Structures are given as C-alpha cells and as structure tokens.
Amino acid sequence: MFEEIEKYAQENFIPIIRPLSRQLLCEQVKNLNPKKILEIGTAIGFSGLLLLKSSKAFLTTIEKDQHRAEIAKNNFKKYGVEDRVKLICDDAMNVLKSFANNNEKFDFVFLDGPKGQYYRYLPMLAKILNKDGVVFADDVFLHGLVKSNLPIPHKSRSMVNNMRKYLLLLEKSNCFDSKVLDVEDGIAISRKIDEL
Ligand SMILES: C[S@@+](CC[C@H](N)C(=O)[O-])C[C@H]1O[C@@H](n2cnc3c(N)ncnc32)[C@H](O)[C@@H]1O
C-alpha cells in the first residue's frame, strides 16, 4: 500500500515505519477504532495514510521539517484524505504543551518523532489521552542499543539513556499499562488506565 511513497522515502533516506510494525499499527487502530488520532513525526505522510486507511478517525499530525511537511500535505491531497487531517508544522513539544493547556483530547497516539524526547512527552501524553487511550511508540530499542550491555557510542548515548528513561517511566507508571514488543526495532504499547 502507498508503494510510491515508500519508494520515495527509501530513495531519499527518509525513515518510515517498518513492515511488521506497520501491520501491528494498523491492527491496533482497526481494533480500537479511535475517533481522534495524534501522530508525532509525520515525515512524508506514509504512516499517516496508513492510520487513516485503517480507521474512520480524524488525524492530527506534527512534523518539524517544513520540506517533509509540504510533501506530506501533497500526499494527503493525492489520496483524497486532506479533509481528515490537520498537519501542524512545528516542534512537537510546543504543540503538546498547547494541547495539554487547552484540554485537547485524543484516543490514540502514534509516537514516532525524536527518539530522545519520548520521556519528556509522556506526562503531556498522559494529559491529552482519553481513558483507555493508547500510545504506540515506535523504535524503542534504537537498533538494539537500548537493551545492550556494551558501552554506547558517545553520539548515541543521551538518546539511548533517554529512551531507557521512557521505558522505565512506563514500567513504573500507575497511569499506563504497557507492553514492550520485540518487533523490528521495538514497539511499546501503553494504555491509559488512570489519570496522572
Ligand atoms: C521516523 S520519522 C517519521 C516517520 C513516519 N511516522 C512514517 O512512518 O511514515 C520521524 C520524523 O519526526 C520529525 N521530527 C524530529 N524531531 C521533531 C520534533 N521535535 N517535532 C516534530 N517532528 C520532529 C522528523 O523530521 C522526521 O520526519
């Protein structure tokens, strides 16, 4: 599905969700039937299109990179779903803060933005999710580095430590019930069971 977008992503070194993870994402969304989905990390709209195709939801999607956001916008138009998407070109943290302040709510979050920021987003996500809402976080193993006992290369160290913090926060959380799946680069699925 959406092969031409996948091909463009490959040719232009734009990371998009991997095959087994996308299957799982689509299954989750089909089963949960969310009304409002938030995606952090639009890239060129590939996963956004999958989310829309798998549901009847309205999608809000955030992308910091203006060029990618433009391409995503065109892709949403091309597939006739532009009426079901709001694309926000901004830093995800700014947007999350404003959603939390304005009491904006979502039923499902696909977390696929900057990997070192997941743990900072979590309290905000807890605020903006409805009860039983789900966070589907991709790439939580960071190419195996998160689970490795070996020294982490300097350039990845803070990102890896931050991702470990994310997983630890989930493990200790009374707000989320989580499972971490050993699928491709690791997926954490967290359901909101209580307020913070
Ligand atoms: C892994 S890609 C998203 C792939 C997309 N979800 C898909 O599967 O088709 C991550 C995206 O997050 C964007 N990003 C990075 N930092 C961000 C930030 N602080 N706020 C919003 N977007 C950000 C990047 O520009 C990149 O396009």
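Reply: A definition comes first: the radius of gyration is taken over C-alpha atoms, and the globule rule is 2.2 Å times the number of residues to the power 0.38. Please keep in mind that this is a predicted model.

Me: What radius of gyration does the protein chain have, and what would a compact globule have?

Reply: The protein chain has 16 Å, which agrees with a compact globule, because 196 residues would give a radius of gyration near 16 Å. Along the principal axes, its C-alpha atoms fill a box of roughly 45 × 40 × 30 Å.

Me: How much of the chain counts as buried?

Reply: The figure is 42% of the 196 residues. As for contacts with a separation of 6 or more, 65% of them come from residues 24 or more positions apart.

Me: How many helices and strands are there?

Reply: The protein chain has seven helices and seven strands. Their order along the sequence is α-α-β-α-β-α-β-α-β-α-β-α-β-β.

Me: On to the ligand. Which residues are closest?

Reply: The shell has 17 residues, and the closest are I17, G41, A43, F46 and S47. Two elements, α3 (46-53) and β2 (58-63), each give two or more residues to this shell.

Me: Now the backbone. Where is F13, and what is its phi?

Reply: F13 sits in the loop between α1 (3-11) and α2 (19-32). Its phi is near 55°, a positive value in a residue other than glycine.

Me: Is F13 buried or exposed?

Reply: F13 is exposed, because 6 other C-beta atoms lie within 10 Å, and a residue with 12 or fewer counts as exposed.

Me: What about E184, which also has a positive phi?

Reply: E184 has a phi of about 45° although it is not a glycine. It is found in the loop between β6 (176-181) and β7 (187-192). With 16 other C-beta atoms within 10 Å, E184 is partly exposed.

Definitions and conventions: Residues are numbered from 1 along each chain as its sequence is written. This is a predicted model: local features need pLDDT of at least 70, side-chain atom pairs count only at pLDDT 80 or more; totals for chains, interfaces and linings use all residues. A residue is near a molecule or strand if its C-beta atom, placed from the backbone, lies within 6 Å of it. Helices (H or I, at least four residues) and strands (E, at least two) are DSSP runs, numbered from the N terminus. A residue is buried if 20 or more other C-beta atoms lie within 10 Å of its own, exposed if 12 or fewer, and partly exposed in between; C-beta atoms are placed from the backbone. Two residues are in contact if their C-beta atoms, placed from the backbone, lie within 7 Å.
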